[in-house]
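Here is a friendly briefing to read alongside the structure. Keep the viewer open and follow the topics in any order you like.

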Amino acid sequence: MSPRTSSGFCAESSLAIQSWSEGREQAARSPSPRLLACGDAALSVEFGNEIDEGLNDRVLALDAALGKAAIPGLVETVPTYRSLLACYDPVTDVDGLKQRILALSGDAADEPRRIRRWRVPVVYGGAFGPDLDAVAERHGMTPDEVIALHAGATYRVYMIGFMPGFAYLGGLDARLETPRRLQPRLKTPAQSVSIGGAQAAISSVEAPSGWHLLGRTPARSFMPGRDPGFLFAAGDEIRFEPTPPKHWDELDAAAARGEPVIGCEIA
Amino acid sequence: MSELLVESCGALTTVQDAGRFGLRRFGVSPAGAMDATALARANALVGNALDTAAIEFCLMGGRFCLEGGPALIAFSGTSANATAGGRALDADSSMLVHAGEHLVIGPVREGVYAYLAIAGGIRLAPDMGSRSVHRRSGIGGRPLQRGDRLPLADDAGEAQPRSLPPAEALGNAPIRLILGPQDDLFTERALKTLFREEFAISAQVDPMGCRLEGPKIEHSSGFNIISDGIVQGSVQVPGDGQPIVLLRDGQTTGGYPKIATVISADLDRFAQLPPGSAVRFHLVTREEALTLAKARAQKIASFHECAKPLAIESPADALFSSNLISGVTNAFAFDHM
């Protein structure tokens, strides 16, 4: 998939190409996915039951293959952690659709997947990340050590869901795994950078959350009226760049005007 | 240019068409008219394509003033009283309204949602492919407010008034479900409860979802799954065992097991159940759902043929005004892939 790139948020030329030979061997050995009915207008193509890069690769490969196949009656697809939701017109020949999906589930790894690598500025701690100190204390670290671990990892966007533009990330350093808060907050700000369990996230709009807020990014992953309206997509890679609080106002104002404050790493 | 001035309206009065497709992958559900059949009916009465943007009322009505020029309008739904220029507006025919006249729609009765369609549609700019207001994200704008002016087509007053046979009553027949996708995460007793007991639409209902009240639906092993995709009509069951049915503006992914899903032919009828009303569920097969989906598509497509001109006119005019466009179009949106 290729979201519109006209604004320079992530230029096509900076896309990184990852070898898929490993994934292809994996796919050849993998069993067929389960097809689960979600009513009469959608089905869930379920590749497994865990959060795993290999399973997510298969989800993304099928997503790309179905996008290319342009099957009549297939309205849209939604990649999630370990399954792909396929929404179709309810009067479609669903048996035919299922056969196409199963056929494409096996051999979808012919092309390398293009990976966009985002560099996301984050102001950590203080009012930007009110849970940073508590997370550090819980793990017997200093706040700077937590920041170093959080910003030192490379994350995969497993899916966008829950809220418009809300990015679920995998790849959190195991030393930072933290159970969710017992008392979820009724409101957390948009652009929160948080962790919960073994996951990490970038939020897009104000929302309730039980995750731990480590920082905040000026980048708007979702902004109505901007082109592109959404920055991140399933399969993207994310790295966080610690940014001093003194830069917040300037970056936040630029982002609010719809200007890019976020880069794509050039491989 | 003709405009419809909003003088007052309920808090959840919005502009809706058939919805916005292709953005679920970015966390945006389709939105669109909660009762797509009623939207299509109102549009057929004014000669519009059946998925044209119209005004959706939620429980409350509204008061409007037509400015600039005449417009053919139609109301679909049941209201305590609906008038245009002081003349009673019935739900089975369209009416020509003149500049300076007021449209008054009373509270919605026998349902939750009602529609006001105008010939030529509402000429707001589409947002990401649709004019539907997505109430959670603000895509497509916000609910209508006093003082808003909705641009109308210049020839809104030139369409031919029409009438349709009366709409079928919403009734209280059971809402039909297909099992899954996670029915295997529930006990046998949970399935019996779902299909044998009566539930009630709770006060916690909005365009995103509807919490049901009734006997507890029992999970067989825990209530957390790895988040996956959710559709309109998904019956998800959180830890407290009280089901939530996702609606048009619902979240796109979720981590609670989904025991069953409302079939597409019954989504409009389900959305029209007011808070406090009783609801029963009936299990159907995929084949039965397909037959019902085809029947619904045919019924909606027939609205144009069934909409008869109200006044006698010359045969040539009648032929000209008999709009043969039919079918609700899905906005196939693969440009994002």
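This is a predicted model: local features need pLDDT of at least 70, side-chain atom pairs count only at pLDDT 80 or more; totals for chains, interfaces and linings use all residues.

Chain A and chain B bury about 3800 Å² between them, and a mixed open sheet of 8 strands is found in chain B.

**Chain A as a whole**

- The secondary structure of chain A consists of 6 helices and 16 strands.
- Chain A has 267 residues, and 57% of them count as buried.
- Among the contacts in chain A with a separation of 6 or more, 68% are between residues 24 or more positions apart.

**Helix 5 of chain A**

- Helix 5 of chain A covers residues 143-152, and its buried residues are A:Val146, A:Ile147, A:Leu149, A:His150 and A:Ala151.
- These buried residues pack against one other helix of chain A, helix 4 (132-138).
- Their strand partners in chain A are strand 7 (117-124), strand 8 (155-160), strand 11 (192-196), strand 14 (212-216) and strand 15 (237-242).
- As background, an α-helix has 3.6 residues a turn, so residues three or four places apart point the same way.

**A buried loop residue, A:Ser203**

- Where does A:Ser203 lie? A:Ser203 is in the loop of chain A between strand 12 (199-202) and strand 13 (207-209).
- A:Ser203 counts as buried because its relative accessibility is 6%, and the cut-off for buried is under 20%.
- Leaving aside residues up to four places away in sequence, A:Ser203 touches A:Phe166, A:Pro189, A:Ala190, A:Gln191, A:Ser192 and A:Ser221.

**Where chain A meets chain B**

- The contact draws 50 residues from chain A and 42 residues from chain B.
- Of the roughly 3800 Å² buried between the two chains, 63% is on carbon and sulfur atoms.
- How many salt bridges cross the interface of chain B and chain A? The rule finds 4.
- One salt bridge pairs A:Arg34 with B:Asp184, with 3.8 Å between the closest N and O atoms.
- On the side of chain B that touches chain A, strand 13 (175-179), strand 16 (228-229) and helix 4 (286-301) of chain B each supply at least two residues.
- Helix 4 of chain B gives the most to that side, with 6 residues.
- Sorted by class, the side of chain B that touches chain A holds 22 nonpolar, 13 polar and 7 charged residues.

**The open sheet of chain B**

- In chain B, 8 strands form an open sheet in the order 21-14-15-18-17-20-13-22, with mixed pairing.
- Strand 21 (278-279) and strand 22 (281-283) of chain B each have a single partner strand, so one side of each is left without a neighbour in the sheet.
- Strand 14 (residues 199-206) of chain B pairs with strand 21 of chain B in the antiparallel sense over 2 bridges, and here B:Ala200 stands opposite B:Ala278.
- Strand 14 of chain B also pairs antiparallel with strand 15 of chain B, over 4 bridges, and a hairpin of 2 residues joins these strands.
- Strand 15 (residues 209-213) of chain B runs antiparallel to strand 18 (residues 244-246) of chain B, and 3 bridges join them.
- B:Cys210 in strand 15 of chain B stands opposite B:Val205, and B:Cys210 also stands opposite B:Val245 in strand 18 of chain B.

Key. Residues are numbered from 1 along each chain as its sequence is written. Chains are lettered from A and ligands numbered from 1 in the order in which they are written. Side-chain values use heavy atoms; hydrogens and water are left out. Contact means heavy atoms within 4.5 Å. Buried area is the accessible area (1.4 Å probe) that two parts lose on being put together, summed over both. A salt bridge is a side-chain nitrogen of Lys or Arg within 4 Å of a carboxyl oxygen of Asp or Glu. Ala, Val, Leu, Ile, Met, Phe, Trp, Tyr, Cys and Pro count as nonpolar, Asp, Glu, Lys and Arg as charged, and the others, Gly among them, as polar. Buried means under 20% relative accessible area, exposed over 50%, partly exposed in between (1.4 Å probe, protein chains only). Two strands pair if DSSP finds at least two bridges between them.
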